[in-house]
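Open your viewer and get ready to select residues by chain and number.

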There are 2 protein chains.
Amino acid sequence: MRFISQTTADGVSENLFTVNDVPGVLWTPAHSTDRRPVVLLGHGGGQHKQAPGVVARARRYVARGFAAVALDAPGHGDRPRTEQDERFAAELRAMMAAGEPVGPLVARHNGGLAAQAVPEWQALLDDLAESGRLGPVGFWGVSLGSAVGVRLAAAEPRVRAAVFGLVGYALAEDAARVTVPIEFLLQWDDELVPRGSCLALFDAFASAEKTLHANSGRHMDVPAHELDSAERFFTRHLLTEESVTG
Amino acid sequence: MRFISQTTADGVSENLFTVNDVPGVLWTPAHSTDRRPVVLLGHGGGQHKQAPGVVARARRYVARGFAAVALDAPGHGDRPRTEQDERFAAELRAMMAAGEPVGPLVARHNGGLAAQAVPEWQALLDDLAESGRLGPVGFWGVSLGSAVGVRLAAAEPRVRAAVFGLVGYALAEDAARVTVPIEFLLQWDDELVPRGSCLALFDAFASAEKTLHANSGRHMDVPAHELDSAERFFTRHLLTEESVTG
């Protein structure tokens with residue numbers, strides 16, 4: 001983990017870094033390097049580690065007592081796009097223009113990105129742990145963020161709680177290996193991910209404690225109150241004395 | 001509305017009353033009679049207006065700035081049980097002992113209770129309005145509480161926001177007339193109400209703003225964090241300046 005720059009505003013330090021050449025950003029209380037619970041932020045498709053929604057979320061988590069960290073997913077942000085990424089983007093635009101269902105196409109492409117991204121997140125966790133900064137870990141990410149996050153949580157026992165959502169396809173086997181508490185977001189009128197596939201995926205999680213939040217609206221219309229809800233979810237599961245010391 | 005007794009503890013006054021011989025209880029800040037948002041609390045089957053869960057909820061709402069009010073449902077609490085109530089209870093026990101699905105039986109019986117209860121709640125609202133105490137109105141009630149509440153919200157424009165849940169059958173037509181914001185609770189492993197019937201009912205609500213919260217666990221296992229969530233829901237919809245003055 002190689003730190004590149006630090007800027008501090010409103011009590012929050014934003015630290016740009018790379019880990020094995022993958023660009024990332026770590027948010028902490030100003031200039032702090034102590035151990036604290038960390039929320040991993042997985043961005044959505046077409047977004048990146050410093051998309052406005054990711055940054056806003058990170059700053060709120062820091063205010064609550066967490067650190068937050070994001071990586072650019074393969075083909076996103078400061079990372080090169082492959083020919084396959086370009087082909088996918090073109091095919092996606094064409095299918096959406098034609099009104100064809102894109103769920104399976106998106107799931108297949110995101111599955112490929114996730115296969116690459118999971119070990120990248122694990123390398124980041126290794127480095128944070130080695131630096132003594134890593135408290136209990138939560139993962140937040142919907143859509144592409146969940147395509148990565150569900151597979152990460154299935155493979156990685158350090159993830160203790162997760163907020164997922166807006167995905168349905170090709171993740172059931174991984175979900176069946178996830179046993180930590182989850183909160184799962186579903187958009188009732190999602191134009192990209194069929195409702196039934198989301199419900200089936202929620203059902204597949206092995207977690208004893210799981211909550212589905214379904215809201216009216218389309219894929220991008222997750223209401224603002226879910227931001228508060230995710231914050232309270234991570235507070236319950238990562239900030240209690242038991243989980244911090246456990 | 002005839003007030004019978006008042007007891008005050010920890011800053012909350014509990015006022016027993018009857019309205020057209022239906023026994024109820026009104027919780028307010030100590031000795032207060034001013035106008036404020038009111039949450040109607042519909043209890044579950046076999047419970048009553050002062051069941052521990054109802055009282056705990058009422059006290060929390062008062063601490064937040066609401067008044068809260070509950071009525072005994074027909075055949076519950078201080079109200080006489082009819083022969084039909086007794087037959088229903090016996091039949092329910094027998095079917096549950098035999099492992100038979102009880103959803104339709106419960107829905108039919110609760111529908112009968114609701115037909116009686118809806119005008120009782122409306123008479124209560126009339127009296128509270130006449131006394132100058134009635135601010136914006138919310139309804140909270142699951143299971144039997146929803147069998148009554150969904151029909152009330154369909155018939156009664158004074159209900160501005162509602163938390164429902166743990167019901168599925170025989171309410172779709174009423175739900176299609178409900179347009180106010182709702183939060184709907186579903187227990188993923190509900191042994192009394194089939195999951196599919198709950199999902200179909202949630203779908204039927206005409207509300208532009210609706211949220212489904214599905215949690216792992218059985219009918220009675222609604223997690224404690226849903227208490228907080230309902231409180232925030234009513235705070236958003238009834239305590240903002242706009243809704244209080246609107």
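A charge sits over a ring if NZ of Lys or CZ of Arg is within 6 Å of the ring centre and within 35 degrees of the ring normal. Keep in mind that this is a predicted model.

With that in hand, select Arg195(A) and Trp188(A): Arg195(A) lies over the face of the Trp188(A) ring, 4.0 Å from the ring centre. Now go to chain B, where the charged end of Arg195(B) sits over the ring of Trp188(B), 3.9 Å from its centre.

Stay on Trp188(B), which is buried at a relative accessible area of 4%. The whole structure holds 20 aromatic pairs over all chains. One of them is an edge-to-face pair of Phe202(A) and Trp188(B), with 4.7 Å centre to centre and 85° between the planes. This pair crosses between chains: Phe202(A) is in helix α6 of chain A, and Trp188(B) is in the loop between β8 and α6 of chain B. Phe202(A) is buried too, at 0% relative accessibility.

Next, pick Trp121(B) and Phe139(B), an edge-to-face pair 5.9 Å centre to centre. Trp121(B) lies in helix α3 and Phe139(B) in strand β6, so the pair ties together parts 18 residues apart in sequence.

Is Asn15(A) buried or exposed? Asn15(A) counts as buried, at 5% relative accessibility. Its side chain makes a polar contact of 2.6 Å with that of Gln6(A).

Definitions and conventions:
Residues are numbered from 1 along each chain as its sequence is written. Chains are lettered from A and ligands numbered from 1 in the order in which they are written. This is a predicted model: local features need pLDDT of at least 70, side-chain atom pairs count only at pLDDT 80 or more; totals for chains, interfaces and linings use all residues. Side-chain values use heavy atoms; hydrogens and water are left out. Buried means under 20% relative accessible area, exposed over 50%, partly exposed in between (1.4 Å probe, protein chains only). A polar contact is a pair of N or O atoms within 3.5 Å; within protein, one must be able to donate a hydrogen and the other to accept it, and residues adjacent in sequence count only if both atoms are side-chain atoms. Rings of Phe, Tyr and Trp (its six-membered ring) pair if their centres lie within 6.5 Å; planes under 30 degrees apart count as stacked, over 60 as edge-to-face and the rest as tilted. Helices (H or I, at least four residues) and strands (E, at least two) are DSSP runs, numbered from the N terminus.
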